[in-house]
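Biologist: I'm new to this one, so could you take me through it step by step?
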Amino acid sequence: MRPIRVKISVRCLSVFYGSFQALKDVTLEMREGAATALIGPSGCGKSTFLRTLNRMNDLVPGFRTQGEVTVDGDNIYAPGVDVTRLRKRVGMVF
Ligand SMILES: Nc1ncnc2c1ncn2[C@@H]1O[C@H](COP(=O)(O)OP(=O)(O)OP(=O)(O)O)[C@@H](O)[C@H]1O
Ligand SMILES: [Mg+2]
């Protein structure tokens with residue numbers, strides 16, 4: 001059997017749009033090769049969370065994060081991260 005590997009790790013993630021807090025202290029691990037579903041009522045932050053995984057919120061005025069998001073162990077909000085390269089690794093289909 002293949003060993004379980006964590007692909008995306010999220011620790012103590014909070015997301016703000018200005019003074020509004022959209023995500024509160026989210027911690028979870030997403031496994032490589034697994035299908036993970038996010039389920040919740042409208043406005044609970046599903047899209048915000050997904051956009052945070054490839055930094056698509058960066059251009060939203062007032063957007064900021066606290067906590068850590070890693071993809072294959074790399075902190076995607078670290079200074080100097082090449083966002084275009086990140087988006088080659090973390091795609092999104094609308
Ligand atoms: N660009 C933005 N500026 C300010 N607030 C925002 C922005 N985008 C989302 N929000 C707010 O953040 C919260 C989470 O929204 P989000 O779109 O992530 O929810 P959702 O779970 O994807 O909802 P839905 O099921 O309707 O798609 C909502 O209160 C929303 O109004
Ligand atoms: Mg949504």
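Modeller: Let's settle one term first: helices (H or I, at least four residues) and strands (E, at least two) are DSSP runs, numbered from the N terminus. This is a predicted model, where local features need pLDDT of at least 70, side-chain atom pairs count only at pLDDT 80 or more, and totals for chains, interfaces and linings use all residues. Residues are numbered from 1 along each chain as its sequence is written, while chains are lettered from A and ligands numbered from 1 in the order in which they are written.

Biologist: Thanks! In what order do the elements of the protein run from the N terminus on?

Modeller: Counting up the secondary structure gives two helices and four strands. Read from the N terminus on, the elements go β-β-α-β-β-α.

Biologist: And what radius of gyration does the protein have?

Modeller: The C-alpha trace spans about 45 × 35 × 25 Å along its principal axes. The radius of gyration is taken over C-alpha atoms, and the globule rule is 2.2 Å times the number of residues to the power 0.38. For 94 residues that rule puts a compact globule near 12 Å, which agrees with the protein's own value of 13 Å.

Biologist: What about the hairpin of strand 1 and strand 2: which residue in the turn has a positive phi?

Modeller: Along this pair of strands, Ser-9 stands opposite Glu-29, and Tyr-17 has Phe-20 as its bridge partner. Two residues lie between the strands, and the one with a positive phi, about 60°, is Gly-18.

Biologist: Is Asp-25 buried or exposed?

Modeller: A residue is buried if 20 or more other C-beta atoms lie within 10 Å of its own, exposed if 12 or fewer, and partly exposed in between, with C-beta atoms placed from the backbone. Of the 94 residues, 6% count as buried. Because Asp-25 has 11 other C-beta atoms within 10 Å, Asp-25 is exposed.

Biologist: Which residues around ligand 1 come from which element: what supplies the largest share of the shell?

Modeller: A residue is near a molecule or strand if its C-beta atom, placed from the backbone, lies within 6 Å of it. The shell around ligand 1 includes Tyr-17, Phe-20, Gly-45, Lys-46, Ser-47 and Thr-48. Strand 2 (20-31) and helix 1 (46-52) each supply at least two residues, and the largest share, three residues, comes from helix 1.

Biologist: How many residues of that shell are charged?

Modeller: Ala, Val, Leu, Ile, Met, Phe, Trp, Tyr, Cys and Pro count as nonpolar, Asp, Glu, Lys and Arg as charged, and the others, Gly among them, as polar. The shell has five nonpolar residues and six polar, and the number of charged ones is one.

Biologist: Last one: which residues does Met-92 touch?

Modeller: Met-92 lies in the segment after helix 2 (83-89) and counts as exposed, with 11 C-beta neighbours inside 10 Å. Its C-alpha atom is 8.4 Å from that of a residue 42 places away along the chain, Leu-50. Two residues are in contact if their C-beta atoms, placed from the backbone, lie within 7 Å. Not counting residues up to four places away in sequence, Met-92 touches Leu-50 and Asn-54.

Conventions:
Pairing = 2+ DSSP bridges.
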